[in-house]
Amino acid sequence: MSRLARLLPLASLLLLAACPGDDGPTDPDGGSELPADLCNTPEEALSQPDCQLVFGQQIERYISEPNDKDWYSVQMPATTNARTLLRISAGYLATSTAVNLSVNLLRADGNQQSLALEVDAHAQAAPKPVEIILPFTEPNARLLLLLEDKPTIPNRPQFDARSPYFLKVEVVDNPDVNEPNDTQPTALTLQPQGGIQVANGSGYLATTDDVDLFSFTVPAGKVAYLRLFAEELRPPPPYRLSYRLVRPNGTREVEGQVANSSIATDLATARKVKDSGTWKVEILGYKPANTNTPVEGDLRLRYTLEVRVMDEEDPKDQNGDNDSLANAHVQMFGTAPPGVLSLDGRLGYVPDADWYAVDVPNYGQPSLLHFELRQGTRGARFPPLPGLVDRQVRVFQQVTKGATPPDRRVACRTDVTACPKGYSEVPTAQPLVDAYCNNSQPEPLCLYSAREEEPQRFPNLRNFEGAIPVPPHGTTVRYYFLVQDDGTNWADDRDYSLVVSWEDDPDSQPGSPVQLADDSSSSTFPAPPASAVVLSGQLNYGFGRLQADDRVRGRGVRGPMDYDAIPSDVDSVTLNLPNRGEPLDRTWELQWTVQNLPDGGLPHGLALDLTFCDGNRLDGGGCTPVSTGSRGAPLTLAYRPDSLRAWHSPSGGLSGLQPLYSRQVSGGATTFTVLPYACSCLEPRFIKGGTVRVDVTAAERDSYERVNYTVRAAHTDYPQSYAVDGGTRMCPAPQPDGGTLADGGTAWTPGCRFTLQP
């Protein structure tokens, strides 16, 4: 058909293209002169010079009318060999076009077999270049290229007579010197280097669905470290680099892929070799499961594969593999404390979990197990594997309470005498505790302690320490310790020591009731007299009380997800209150002192939980206890440095706020005193009740060092005065209410009501 004969139908189509809703171009002709329409048949492609492509030269042509097909031919050089790549680049440089450009590479024989097909199906988006890279090894072979539109709607072909497409064909050598290694692996030769065996390889995924194979031979018992890395490219390659490590029997050991193609590749693993022989590494572009979309190649991205083979340096893994509870490495303390065990190991491969069993012989007194994970400096024959650094230490006992395994699992979950629970500090720990209670070991495991690595907030494993109370026992008891990383998918090949010490805990029994001292002279107010000691001892285990944001801010000894089944060492004393006549209100003098560490630091403060007896609600000679309830309740006393509102201060505004406690460091100890502004006092109903139980725990614990503490308390006259606004003011005083008592005395309205407000 002549060029003139096509003008009329083309003009009609241009009018249609201007109609609303048409996906075609609104002005496709670009002027009165339409571009020449060449190379419309395979015959023209093989016979006409304008249709025969020259390697390395770029041409520009048009899909200038509906159903326009452009055919070109190319002849491979006589020097074509096993490493020859045919590279075809095509596309539109314009920011928009209606053409979805299709590039089809075919043989020039009678069958015209398609060798590769790529389509820029951009629809309404901007066009993208099309690239075909494929190995072609036949010298002097003739090939055809067909370029056309592949419309989104098949019966509505598109064209663009204004914007040309470009087309370029090149013959290049494959930059991957190992090719062809898609089926026959490139053997890596391990060479000695610094006491280990090392080999390196490199390559390119240059062509569509390219797979590069490497192999190395390694005996059983060794650790094989594998790393695949490549630089970041802009624009990124059309694939995500991935690898597979394959055992000698053909099964897959592990695989991995970079998270996305726009970042540098850094993939690594370390595996314990259990099968001697030749292992394979497959390097390929990642293709999700059940996906058959071809993965395009890239001539720019050079990857490097590094293999290191080394001895297993953890002796406990060499002799029996302590990767399971059944194979736990067992150590035993001597007949009595003190004793120290060093459980040495390393996380040297994936998945590596180190189990230890510590036996404590029969001992009739309360004792303590203190543990601390210490990171060593030896080892590190390979860099830490990529990914989160999330090591863990966990401590267990097997639960044997119950006649059958299901009974023991229920007891583990629900019976605190079989498995104590510390959910008050870590409510989110219950699923973890329940999971170990339901585990498939010979017996369910009670989780006593868990430490989770928090490098950002608790660097250098600062929270990897704890202490566990051991009750008196008549037979040997066993505790299990597990050192691993979360998911057992990380290793660093550095040695560590889990140091476990067995110590006496002599002050764990509650003391006898103590009469609250009378300091009516108020000679030391607000402090009680030095002789008015009501409780002294050590707080040796548990987290102690923490401010709400301490864990988030990285303060204290525990991370946000750390757990102790027994979260606080509690020392208790019952104070007998004075038996007095009306008015019953008394001022309560209260002070506590904690010995400092050798470096002057404070290991912890104290928190005092109070349980009074409400004498106004007598019940059969007893009383109703008034307790502290949850952490932070009004009847929990603990040091705070900020200005607060006392129970007697009018609510609203900031005026009148003062500190309730003082803190003084002197003589190697830190002393906390309740200040006069607090109006700390004993209400008449509590004086009638006669007793108050004081439970003492650590607060804001920063160390597990053993230090002594002392609590002093006394009662004195009420009310007392406190400083305010340059003067003094009295605490609320009791008032006669006009009534009389049964014995003829005067009835009083209490002045002290300090439990009504925080």
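Over the ring of which residue does the charged end of Arg558 sit, and how far is it from the ring centre?

Mentor: This is a predicted model, in which local features need pLDDT of at least 70 and side-chain atom pairs count only at pLDDT 80 or more, while totals for chains, interfaces and linings use all residues. Residues are numbered from 1 along each chain as its sequence is written, and side-chain values use heavy atoms, with hydrogens and water left out. The charged end of Arg558 sits over the ring of Phe543, 4.6 Å from its centre, where the rule asks for CZ of Arg or NZ of Lys within 6 Å of the ring centre and within 35 degrees of the ring normal.

Strand 3 (residues 84-92) and strand 8 (residues 160-173) pair over 9 bridges, and Arg87 has Glu170 of strand 8 as its bridge partner.

There are 17 aromatic pairs, counted when ring centres of Phe, Tyr or Trp (its six-membered ring) lie within 6.5 Å, with planes under 30 degrees apart called stacked, over 60 edge-to-face and the rest tilted. Tyr92 and Tyr165 form an edge-to-face pair, 6.3 Å centre to centre with 75° between the planes. Tyr92 lies in strand 3 and Tyr165 in strand 8, so this pair ties together parts 73 residues apart in sequence. Tyr92 is buried at 4% relative accessibility, and Tyr165 is buried at 0%, where buried means under 20% relative accessible area, exposed over 50% and partly exposed in between (1.4 Å probe, protein chains only).

Technical notes
Two strands pair if DSSP finds at least two bridges between them. Helices (H or I, at least four residues) and strands (E, at least two) are DSSP runs, numbered from the N terminus.
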